[in-house]
Amino acid sequence: MEYKIIRSGGTGEIVEKKSRFIGVTFPISSEEEALSYVEKIKKEHYQARHNCFAFSLRKENGSAHERFSDDGEPQGTAGLPILNVIRGAEVNNICIVVTRYFGGTLLGTGGLVRAYTDAAKAAMSASDIHTVAHKMIVRLVMDYTDTGKVNFLVSTAGYEADPAIFTDKVEQLIYVPYEEAETFKKKITELTSARVQVTFDSDTYR
């Protein structure tokens, strides 16, 4: 089963009636890590009136562990809208913090919801989103004369590969979508007249 994460965070900012809303995303692996990022942002923006957040962590069964905070804003106007951005983007293992510098004008409930939503979306758009998929780690051991053909096949298919190791042979790990592993093995075997040693190391999510 595929799911989305962020490889690196991003920052986005909007201004609404002179109030600044600064959104920041972070990749996380635990609730403790998420809360430490929140504290970091609070220290960086200690003069700000509000540092609202939401995070979502993917459990082993695929469900989500979620938490959010309005940090003094009216209930339901900040944390939940940020969380809804995460849910809408279907991104896992992510924390978003939106900092508000008050501009002197009250925005009202609807205005706050829109502003926190837009700031969270801006930060999400600036993030490096990656789809994690079930992969088979395929080990190839080949002669130097076959590397050109093999590399062309791998690059054409768009498979991720580790750097090759060069000794008397060329050895390389290829990350193939799990359901395509047998087909890939067959293609390599046919392409090189079975000269390449193809073994399945293990499966992984990446």
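Hi everyone, let's start with the rings: the model holds 6 aromatic pairs, where rings of Phe, Tyr and Trp (its six-membered ring) pair if their centres lie within 6.5 Å. In Phe53 and Phe55 the ring centres are 6.4 Å apart and the planes are at 0°, so this pair is stacked (stacked is under 30 degrees, edge-to-face over 60, tilted the rest). Both Phe53 and Phe55 are buried (under 20% relative accessible area, with exposed over 50% and partly exposed in between, using a 1.4 Å probe and protein chains only).

A quick word on the source: this is a predicted model, where local features need pLDDT of at least 70, side-chain atom pairs count only at pLDDT 80 or more, and totals for chains, interfaces and linings use all residues. Residues are numbered from 1 along each chain as its sequence is written, and side-chain values use heavy atoms, leaving out hydrogens and water.

Now the charges. Arg58 has its charged end over the ring of Tyr3, 3.9 Å from the centre (NZ of Lys or CZ of Arg within 6 Å of the ring centre and within 35 degrees of the ring normal). Over the face of Tyr175 we find Arg206, at 3.9 Å from the ring centre.

Next stop, Asp71. With 25% relative accessibility, Asp71 counts as partly exposed. Which residues does Asp71 contact, leaving aside its neighbours within four places in sequence? They are Lys42, Arg49, His50, Asn51 and Cys52, where contact means heavy atoms within 4.5 Å. From Asp71 to Gly88, 17 residues along the chain, the C-alpha separation is 22 Å.
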